[in-house]
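Here's a quick briefing on how the inside of this protein packs together. Take a look at the structure first, then read on.

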Amino acid sequence: MQAIPDITVSTAVAQVQNRASSRRLSLPAAEERPSAQSPVHIGLALGGGFARGIAHAGVLRVLEQHRIPTHCVTGISAGSIVAAAYASGATPEEIARAGCSMRFGDVGRWSRLGFVASERMNRFLERLLKTYRFEEMRIPLGVLATDLCTEEAVSFAGTGRVFDPIRASCSYPGLFRPVRHKGQLLVDGAMSMGIPAGLARQLGATHVISVPLPAAPAAQPGNVFQVVNRCFQILQSRFEDSWRSETDLVIAPDVREVDWHAFDRGPQLIQAGEAAALAVLPKIQEWFAGSVHGDAAAAFMPAA
């Protein structure tokens, strides 16, 4: 497995960080992994799962309700849509409404080759996102796709439009057509990394919270798509040690019984995200209590 390639985060990211002060603590960047006295820069790394991605809105809702400041957010596949929406300024409630009302036809259509073309996703993103460029995001955003030819993970951050990177990150093999972008043929980021935790670290996070969306228990496939899906699950299981090594805390909503296309179960997915986030909230609050900015962070926490 190839490691995530190094990315250079441009000065545009620094400008984004300045504009983010209304939603998070303004803390200096840490150069090393966190210690008990390090400033806390939380990075969220959101995994994919198509309709199951609605659960991310529940996680975000809990973090905002408890005023947990977010330094940056990264995403793969469905997680890249949620990450981009949140970084652009969309609220968890707006993300939840969009996810619950979404249908497959909003993001794709069948082409003559039998694969789904994802150009329709652009219109969906135009309605959901508040801004469409990396450098205009309220907090730093990272999106991960996979180069189908080189097998390398391809990181997007800093500058440029977000639509093609998101479409590429969502291009599930065998369902969506690959996206051509600047000479590369790109597919789902989860083909090279299950959760973009390393990318969050590169964007300056000292504490990375990874949010995987566990798939349904293995069963004997009944059609071609289920065969591809099962192969994908096996491949992702091989990456788990890699992203966990870059992760400080895992929030894993219990969405295993929800099908990939079950957008009608949005409320259940949101509740699963909220429950999983609440379960680990004390640990997140401990990070701030033990940091050099513990007193300042306490002002962001609701009274007991």
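**Rings and core**

Let's start with Phe50, which is buried at 19% relative accessible area; buried means under 20%, exposed over 50% and partly exposed in between, using a 1.4 Å probe and protein chains only. Keep in mind that this is a predicted model, where local features need pLDDT of at least 70, side-chain atom pairs count only at pLDDT 80 or more, and totals for chains, interfaces and linings use all residues. Residues are numbered from 1 along each chain as its sequence is written, and side-chain values use heavy atoms, with hydrogens and water left out.

**Aromatic pairs**

- Rings of Phe, Tyr and Trp (its six-membered ring) pair if their centres lie within 6.5 Å, and planes under 30 degrees apart count as stacked, over 60 as edge-to-face and the rest as tilted.
- That rule gives three aromatic pairs.
- Phe50 and Phe263 make an edge-to-face pair, 5.4 Å centre to centre with 65 degrees between the planes.
- Phe263 is buried too, with a relative accessible area of 5%.
- Tyr132 and Phe163 have ring centres 5.1 Å apart and planes at 50 degrees, so their pair is tilted.
- Tyr132 is partly exposed at 27% relative accessibility, while Phe163 is buried at 4%.
- Phe50, Phe176 and Phe263 form one aromatic cluster.

**Nonpolar core**

- A nonpolar core is a set of buried Ala, Val, Leu, Ile, Met, Phe, Trp, Tyr and Cys residues joined through side-chain atoms within 4.5 Å.
- The largest one has 69 residues, and those touching the most other members include Ile42 and Ile166.
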